[in-house]
Amino acid sequence: MARIMDGHALAEGIREKVREDIEKLRQYGLEVGLGLLLVGENPASIQYFHATEKACSKVGVTTYRYRLPESASLNEILNVVHSVNRDERVNGLLILFPLPPRINARRVVNEIAPEKDIDGLGSLSVGRLAADESTFQIFKEGYYEMLYECRFMPTVSSFLPCTPFGVIRLLEHYGAAIRGKHAVVIGKSLAVGKPLSLMLLAKEATVTVCHRETRDLGAFTRQADIICSATGVQGLITGDMVKEGAVVVDIGINVLGDGSIVGDVDFESVEKKASFITPVPGGVGPVTIAMLLENTVRSAQRNEFLKSPFMPG
Ligand SMILES: NC(=O)c1ccc[n+]([C@@H]2O[C@H](COP(=O)([O-])OP(=O)(O)OC[C@H]3O[C@@H](n4cnc5c(N)ncnc54)[C@H](OP(=O)(O)O)[C@@H]3O)[C@@H](O)[C@H]2O)c1
């Protein structure tokens with residue numbers, strides 16, 4: 001029977017550290033702020049908007065809410081992004097997706113100032129991840145603290161997308177080895193699958209990326225030491241597709257008719273074969289929000305370093 005990778009427990013640890021960091025910044029009179037931009041009335045986005053607000057208020061991050069109607073023009077949306085870029089109170093901007101289909105989402109994301117791109121989706125952030133300029137963040141717990149202590153922050157790094165960053169944290173927290181393992185990632189989106197495959201590669205896994213056009217998905221997953229599924233297809237991964245002892249991370253979220261939430265993985269059949277498994281809900285989800293808080297506080301710390309390298313200790 002698989003060991004459960006409990007996202008709530010890890011998230012609480014991350015939040016606790018975030019609270020401490022915010023407290024330290026307050027000693028210098030600095031507040032941490034997160035901007036939330038929601039366009040339209042997508043129910044899942046509204047839910048995530050409120051969940052993020054609540055998580056922020058619990059750790060002491062001030063939220064700045066920007067809500068625009070579904071009919072908002074690209075110009076109106078970009079005006080919000082530009083005003084956030086100039087607003088010293090806001091350390092990061094989270095845009096809730098999907099944006100209305102007539103809006104070119106890449107235009108919007110690429111307008112976020114890289115130092116406020118706390119979900120790492122802008123082209124510069126994506127490139128820095130691919131070029132291994134940001135991946136030091138997935139290597140050593142305490143690395144940031146060390147840099148903070150010695151008053152140094154690398155200037156050529158960006159923030160890592162919160163969900164895949166959280167998956168790596170979960171694997172490390174539970175001691176699941178990555179180096180030399182065969183990781184199969186299902187899904188190749190810019191927010192989850194693609195950055196996760198780059199992070200696993202940076203951690204020296206052998207990585208296979210599967211997607212909608214992959215023929216015979218099971219032939220790949222059965223070879224995997226680590227399976228990470230991020231598709232939003234309920235029941236995609238079943239017990240017969242999993243090798244004995246594999247580590248299974250379920251990133252998918254599917255809301256059923258009765259309001260309950262399930263992932264991509266058929267938990268009942270897979271937990272019998274896996275060595276570790278994440279539940280849905282309660283696995284990757286809570287860690288994603290915790291990573292968002294962590295990236296936001298890092299942004300606040302980093303901005304202060306850039307503005308004032310001789311900040312008193
Ligand atoms: N837990 C969390 O914190 C969290 C955070 C973000 C997202 N999610 C969830 O994770 C899931 C993925 O999110 P996303 O933003 O990456 O979604 P997305 O942009 O829709 O991407 C889905 C990916 O799954 C692939 N796919 C779809 N059906 C497939 C199939 N039958 N076999 C193999 N691959 C298939 C797609 O392949 P193609 O590219 O070929 O179309 C695509 O790459 C969703 O359920 C989302 O709600 C959870």
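Biologist: What order do the six strands of the open sheet come in, and is the pairing parallel or antiparallel?

Modeller: This is a predicted model. In it, six strands make an open sheet with the order 1-11-8-7-5-6, and their pairing is parallel.

Biologist: Which are the edge strands there?

Modeller: Strand 1 (3–4) and strand 6 (206–210) are the edge strands, and each of them pairs on one side only.

Biologist: How many bridges join strand 5 to strand 6?

Modeller: Five bridges link strand 5, residues 182–186, to strand 6, and the two run parallel. Within that pair, Val185 is placed opposite Val209 of strand 6.

Biologist: Which strands does helix 8 touch?

Modeller: Helix 8, residues 193–202, packs on this sheet and touches strand 5, strand 6 and strand 7 (226–229). The direction of helix 8 makes about 170° with that of strand 5.

Biologist: Changing topic, how many residues surround the ligand, and which are the closest?

Modeller: There are 19 residues around the ligand, and the closest are Lys188, Ser189, Arg212, Ile253 and Thr288.

Biologist: How far is the polar side-chain atom of Ser189 from an oxygen atom of the ligand, and what about Arg212?

Modeller: For Ser189 the distance from a polar side-chain atom to a ligand oxygen is 2.5 Å. For Arg212 a polar side-chain atom lies 2.9 Å from an oxygen atom of the ligand. Gly232 comes in through its backbone, with an N or O atom 3.4 Å from a ligand oxygen.

Biologist: What share of the ligand does the protein bury?

Modeller: The protein buries 71% of the 920 Å² that the ligand exposes when taken alone.

Biologist: Which helix gives the most to the shell around the ligand?

Modeller: Helix 11, residues 284–307, gives the most, with three residues. By class, the shell holds eight nonpolar, nine polar and two charged residues.

Biologist: Next, the backbone. Where are cis peptide bonds found?

Modeller: One joins Phe97 and Pro98, with omega about 5°. Pro98 sits in the loop between strand 4 and helix 4 (105–109). Another joins Val280 and Pro281, with omega about 0°. Pro281 is in the loop between strand 11 (276–277) and helix 11.

Biologist: Last one: is phi of Asp132 positive or negative, and where does Asp132 lie?

Modeller: Phi of Asp132 is positive, near 65°, in a residue other than glycine. Asp132 lies in the loop that runs between helix 5 (123–130) and helix 6 (143–149).

Technical notes:
Residues are numbered from 1 along each chain as its sequence is written. This is a predicted model: local features need pLDDT of at least 70, side-chain atom pairs count only at pLDDT 80 or more; totals for chains, interfaces and linings use all residues. Side-chain values use heavy atoms; hydrogens and water are left out. Two strands pair if DSSP finds at least two bridges between them. Helices (H or I, at least four residues) and strands (E, at least two) are DSSP runs, numbered from the N terminus. Contact means heavy atoms within 4.5 Å. Axes are lines fitted to C-alpha atoms, for helices over the stretch in contact, and angles run from 0 to 180 degrees between N-to-C directions. A residue is near a molecule or strand if one of its heavy atoms lies within 4 Å of it. A polar contact is a pair of N or O atoms within 3.5 Å; within protein, one must be able to donate a hydrogen and the other to accept it, and residues adjacent in sequence count only if both atoms are side-chain atoms. Accessible areas come from the Shrake-Rupley method with a 1.4 Å probe; for residues, only the protein chains shown count as cover. Ala, Val, Leu, Ile, Met, Phe, Trp, Tyr, Cys and Pro count as nonpolar, Asp, Glu, Lys and Arg as charged, and the others, Gly among them, as polar.
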